[in-house]
Each structure stands twice: as structure tokens, then as C-alpha cells.
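Welcome! Please take a look at the sequence and the model below, and keep them at hand while you read this short briefing.

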Amino acid sequence: MTPTFPETRLLAGDLLLRPFSAIDIEENQIACADSLIQQWLPLPQPYTRQDSADWCTKISHSLRETGDGIHFAIVDANTDRLLGTVGLKKTDWRGLVSEIGYSVAPWARGRGIAAEATRTIGHWLLVDHGFQRMELKAATGNLASQRTALKAGLQREGIMRNAGFIHAGRVDLVLFSLTPDDLK
């Protein structure tokens, strides 16, 4: 049997990290069609309502069920408005390593949402689940994502040459990590 993360809801200050649902389809579609998100993530172009519906109601859930990771909608804990997404992927259950990724909706940027969500997931992964490493990979040109990683407490390790791809082509990636020692 493939290991999986339990379906989870996490509170991070005034943010709630919860599974995606049908109520997120419209705002997720608008966010994922945003030019800045499209610049750095190889999402479908155009990002349609059907793409969003599939992500919110099927794909994000099946990735958890298959053991790949877990994906959360980042929402305002008081209003349940979608603010972004954070998730773990490419989980190595034997090596106890997983990779985190995030994006923030245009209407929620500049508030530290991705950093707070990343810190919360890092603690949950490393402390609650006993993982030994959480990684983040950001394109060398994506300075906002790199600042978020550092603000969340991840350590910059180096450059992975030609390791990623975006709509514009192949890119170098900056590798960041968080380990249990970083939380002490």
C-alpha cells in the first residue's frame, strides 16, 4: 500500500490551509490565468475554467491519494476567500523528502502569505510527520519566490543548471531546503 498524507486542515495565523473544493474553481481559474503565475509555472495556456475545475475537484485530491504529496488551498480563515496555493509533491517516502511549491493570487500578494504557509507546511512535514528534508526549487529569475523561501526559513543550497522548464523554455533553478536542524 502506498503511503499518503492524511487529508488535513492547518491553521497558519489568519490563514487556513485546506483541501481544494468546487467553491474554489472561479478564483483559482482567475489566479492561475494571471500573467505572473503563468510566467513561472508551466500551467496550461490558456488556463480555462475546466482546467480549474479538474484541479479543484479531482487532480489535487488524486495526487494526495496516490502518495505524490498534498495540495492546499490557502484561504482567509474568516472569509474562506482563496488567496493562493501551497503543496508538497514528488514525495520520497523512503528517503523522507518532499518538494514544496506555492503561488499567490494577484489580489493577495505582498502580505507574506506564501512564507507563512510554507513555514506551517515545513513544521507539519518535519515535526509532525518526521520527514528529514523539504526542498523548494525556484527559477533563477523568479526573485519573489526566492525571497519567500528565505523568509520562510529555507536555506539556499545552490543552482541546478537547466533543471526546470517554463513556457519560455528551460531554466536554471535555485535549490532551497529545510531540515529538522533548521527548526531548532
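Is the crossing of helix 1 and helix 3 left-handed or right-handed? The crossing of these two helices is right-handed. Keep in mind that you are looking at a predicted model.

- The axes of helix 1 and helix 3 (residues 49-65) come within 8 Å, and they cross at roughly 120°.

- Look for D24 in the loop between strand 2 (15-18) and helix 1 (25-32).
- D24 has a relative accessibility of 1%, which is under the 20% cut-off, so this residue counts as buried.
- Apart from its neighbours within four places in sequence, D24 is in contact with R18, P19, S52, C56, A73 and L82.

- Eight strands form an open sheet with mixed pairing, in the order 1-2-3-4-5-6-8-7.
- Strand 1 (10-12) and strand 7 (155-166) each have a single partner strand, so they stand at the edges and one side of each has no neighbour in the sheet.
- On average, neighbouring strands of this sheet are turned by 30° against each other, direction ignored.
- Strand 4 (residues 82-92) and strand 5 (residues 97-104) run antiparallel and are joined by 7 bridges.
- Helix 5 (residues 143-151) lies across strand 5, strand 6 (133-139), strand 7 and strand 8 (169-178). This helix runs at about 155° to strand 6.

**L88, a residue of strand 4**

- L88 is found in strand 4, and its bridge partner in strand 5 is I100.
- The relative accessible area of L88 is 0%, so L88 is buried.
- Leaving aside neighbours within four places in sequence, L88 is in contact with a number of residues, among them F5, I70, I100, W124 and M134.
- L88 and H129 are 41 residues apart in sequence, and their C-alpha atoms are 13 Å apart in space.

**Aromatic rings**

- How many aromatic pairs does a search of the whole structure find? The search finds 6.
- One of them is the tilted pair of F5 and W93, with 4.6 Å centre to centre and 45° between the planes.
- F5 lies in the segment before strand 1 and W93 in the loop between strand 4 and strand 5, so this pair ties together parts that are 88 residues apart in sequence.
- F5 is buried, with a relative accessible area of 1%, whereas W93 is partly exposed at 23%.
- F5 also pairs with W124: the ring centres are 5.3 Å apart and the planes are at 45°, so this pair is tilted.
- W124 sits in helix 4 (residues 113-128), 119 residues away from F5 in the chain.
- W124 is buried, with a relative accessible area of 5%.
- Ring pairs link F5, F72, W93, W124 and F131 into a cluster.

Definitions and conventions:
Residues are numbered from 1 along each chain as its sequence is written. This is a predicted model: local features need pLDDT of at least 70, side-chain atom pairs count only at pLDDT 80 or more; totals for chains, interfaces and linings use all residues. Side-chain values use heavy atoms; hydrogens and water are left out. Two strands pair if DSSP finds at least two bridges between them. Helices (H or I, at least four residues) and strands (E, at least two) are DSSP runs, numbered from the N terminus. Axes are lines fitted to C-alpha atoms, for helices over the stretch in contact, and angles run from 0 to 180 degrees between N-to-C directions. Contact means heavy atoms within 4.5 Å. Buried means under 20% relative accessible area, exposed over 50%, partly exposed in between (1.4 Å probe, protein chains only). Rings of Phe, Tyr and Trp (its six-membered ring) pair if their centres lie within 6.5 Å; planes under 30 degrees apart count as stacked, over 60 as edge-to-face and the rest as tilted. A crossing is left-handed if the near helix is turned anticlockwise from the far one by less than a right angle, and right-handed if clockwise.
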